[in-house]
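Dear colleague,

Please find below the structure that I am handing over to you, together with its sequence. My notes on it follow directly after.

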Amino acid sequence: MSQRTDQVNSLLVAEVSRIIARDIEPPRGSLITVMRAEVTPDLKQAKLFVSILPESKTGSALALLQHKTGEIQRVLNKKL
């Protein structure tokens, strides 16, 4: 990977982590952590990898994140 994609990956992890912490309320008793990001070389797409604790809340937390994807993208677009 190039230095630029590494920088964008780090920026995405930091910003999406802040958005989740500030704007998204995780299921009661759960913790969502953004572990890493992988952007394509053309920077048009990104994959985010998350960790959800406890494991029993994984399904509901992932459903929440999928439901809030548009909101996260809007906030991220304004921020970046």
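Predicted model: local features only at pLDDT ≥ 70, side-chain atom pairs only at ≥ 80, totals over all residues.

N9 is located in helix α1, and its side chain comes to 3.5 Å from the backbone oxygen of A37. Apart from neighbours within four places in sequence, the residues in contact with N9 are M1, A37, E38 and V39.

The nonpolar core comes next. The largest one comprises 16 residues, and the members that touch the most others are V16, I20, I32 and I72. At least two residues of this core come from each of α1 (3-23), β1 (31-39), α2 (58-67) and α3 (69-79). The greatest contribution is that of α1, which supplies five residues. As for I32, if residues up to four places away in sequence are set aside, its contacts are I20, P26, V50, S51, I52, A61 and L65.

L31 may be considered alongside this. The residue lies in strand β1 and has a relative accessible area of 48%, so it is classed as partly exposed. Beyond residues up to four places away in sequence, L31 touches S51, I52 and L53. S51 and I52 are also among the contacts of I32. Between L31 and L65, which are 34 residues apart along the chain, the C-alpha separation is 12 Å.

The largest pocket has a volume of about 680 Å³. Its lining consists of 24 residues, of which V16, A46, L48, Q73 and L76 are the closest to the centre. Two or more lining residues are given by each of α1, β1, β2 (46-53), α2 and α3. Sorted by class, the lining contains 17 nonpolar, five polar and two charged residues.

Q73 and L11 are 62 residues apart in sequence, and their C-alpha atoms are 14 Å apart in space.

With kind regards

Definitions and conventions: Residues numbered from 1 in each chain as written. Heavy atoms only, no water. Core = buried A, V, L, I, M, F, W, Y, C linked by side-chain atoms within 4.5 Å. Buried < 20%, exposed > 50% of the residue type's maximum accessible area, 1.4 Å probe, protein only. Helix = DSSP H or I, 4+ residues; strand = E, 2+ residues; numbered from the N terminus. Contact = heavy atoms within 4.5 Å. Polar contact = N/O pair within 3.5 Å; in protein donor to acceptor, adjacent residues only side chain to side chain. 1 Å grid on protein atoms, 1.4 Å probe; cavity = no way out; pocket = protein on both sides within 12 Å on 5 of 7 lines; lining within 4 Å. Points joined across faces, edges and corners; volume = space filled by probe spheres on them. Nonpolar A, V, L, I, M, F, W, Y, C, P; charged D, E, K, R; others polar.
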